[in-house]
Amino acid sequence: MAKHAILVIDMLNDFADPNGVLYCPNSRKIIPTMQKLFNWVRERNKNGNDDIQLIFIQEAHRKNDADFKVRPVHAVKGTWGSDFIDELRPLENEYIVQKRRHSAFAHTDLDLYCREEKIDTIVVTGTWTNVCVRSSASDALYYAYKVITLSDAVQSKTEEMHQSGLRDLSIFTKVMTVDEYMEAWDKGLDPWEGGGDKENKVE
């Protein structure tokens, strides 16, 4: 049976709190949906199912990070901006991966951790759809994971950016809603089946 890692990407104060440096108002829209997903996963885990894990991705830059040559200073390690929003905090036993680049896989131990845990499918959620979510999904494919995008659990600064990101992600991931994802698991199906764009239908 498949084993999934749900990446919770950058749901941090600097992105999802109104006082954040790179505040993305649309990130607030997905919080209830993500809470619903978290509760479902945690309930499965509590009942002895270890086939889905929540992995929290935390942007944590050094003070003079190269990223700040092209973007405002944000999410510096150890600051309020780099901390998780209160609504979506990890539990003590849930894994946290700190990153300094857009992709959750870039110069982190995420791939090593997933291979140790025998995870074969990466599920992306969080912010921004067209930047860190897309980059993480791309690298997941490079590392030969199956990839799923939960369309109502990702967001971006504008709806146009969000839709553009989803269009790109549809080429190489399975794009589905949180409800569709949970329903597939509850029916004993592999949610990833039918993923990607084998017939080049993307427009």
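Predicted model: local features only at pLDDT ≥ 70, side-chain atom pairs only at ≥ 80, totals over all residues.
1. Annotated span. An unreviewed UniProt entry carries the annotation "domain: Isochorismatase-like", which covers residues 5-180.

2. Aromatic pair F38 and F56. The structure holds 6 aromatic pairs. In one of them, the ring centres of F38 and F56 are 5.5 Å apart while the ring planes stand at 80°, over the 60 degrees that the edge-to-face class requires, and the pair is therefore edge-to-face. The pair links distant parts of the chain, with F38 placed in helix 2 (residues 31-46) and F56 in strand 2 (residues 52-59), 18 residues apart. F38 and F56 are both buried, and together with F84 they form one aromatic cluster.

3. Aromatic pair W40 and Y181. W40 and Y181 also form an edge-to-face pair, with 6.0 Å from centre to centre and 70° between the planes. Here too distant parts of the chain are linked, since W40 belongs to helix 2 and Y181 to helix 6 (residues 178-186), 141 residues apart. W40 counts as buried because its relative accessibility is 15%, a value under the 20% limit, and Y181 counts as buried at 0% relative accessibility.

4. Surroundings of E94. E94 is located in the loop between strand 2 and strand 3 (95-99), and with a relative accessibility of 10% it counts as buried. The side chain of E94 is joined to that of R42 by a polar contact of 2.8 Å. A polar atom of the E94 side chain also lies 2.7 Å from the backbone nitrogen of L91.

5. Salt bridge R100 to D65. The structure holds 16 salt bridges. One of them is formed by R100 and D65, whose closest N and O atoms are 2.8 Å apart. R100 lies in the loop between strand 3 and helix 3 (110-116), and D65 lies in the loop between strand 2 and strand 3, so the bridge ties together parts that are 35 residues apart in sequence.

6. Salt bridge R134 to D168. The side chains of R134 and D168 meet in a salt bridge with an N to O distance of 3.2 Å. Because R134 is in helix 4 and D168 is in helix 5 (residues 159-172), this pair ties together parts that are 34 residues apart in sequence. R134 counts as partly exposed at 30% relative accessibility, and D168 is partly exposed with a relative accessible area of 23%.

7. Further salt bridges. K146 and D190 meet through their side chains in a salt bridge of 3.2 Å, N to O; K146 is in strand 5 and D190 in the segment after helix 6, 44 residues apart, and the pair thus links distant parts of the chain. K146 counts as partly exposed at 21% relative accessibility.

8. Nonpolar surface patch. L141, Y142 and Y143 make a nonpolar surface patch of about 330 Å². Of these residues, Y143 is found in the loop between helix 4 (129-142) and strand 5 (146-155), and at 35% relative accessibility Y143 counts as partly exposed.

Technical notes. Residues numbered from 1 in each chain as written. Heavy atoms only, no water. UniProt positions renumbered as here; feature names shortened; annotations may be inferred. Patch = residues over 30% accessible without salt bridge, like charges linked within 9 Å, V, L, I, M, F, W, Y side chains within 5 Å. Areas by Shrake-Rupley, 256 points an atom, 1.4 Å probe, with all protein chains shown as cover. Salt bridge = Lys/Arg side-chain N within 4 Å of Asp/Glu carboxyl O. Helix = DSSP H or I, 4+ residues; strand = E, 2+ residues; numbered from the N terminus. Buried < 20%, exposed > 50% of the residue type's maximum accessible area, 1.4 Å probe, protein only. Phe/Tyr/Trp six-rings, centres within 6.5 Å; stacked < 30°, edge-to-face > 60°. Polar contact = N/O pair within 3.5 Å; in protein donor to acceptor, adjacent residues only side chain to side chain.
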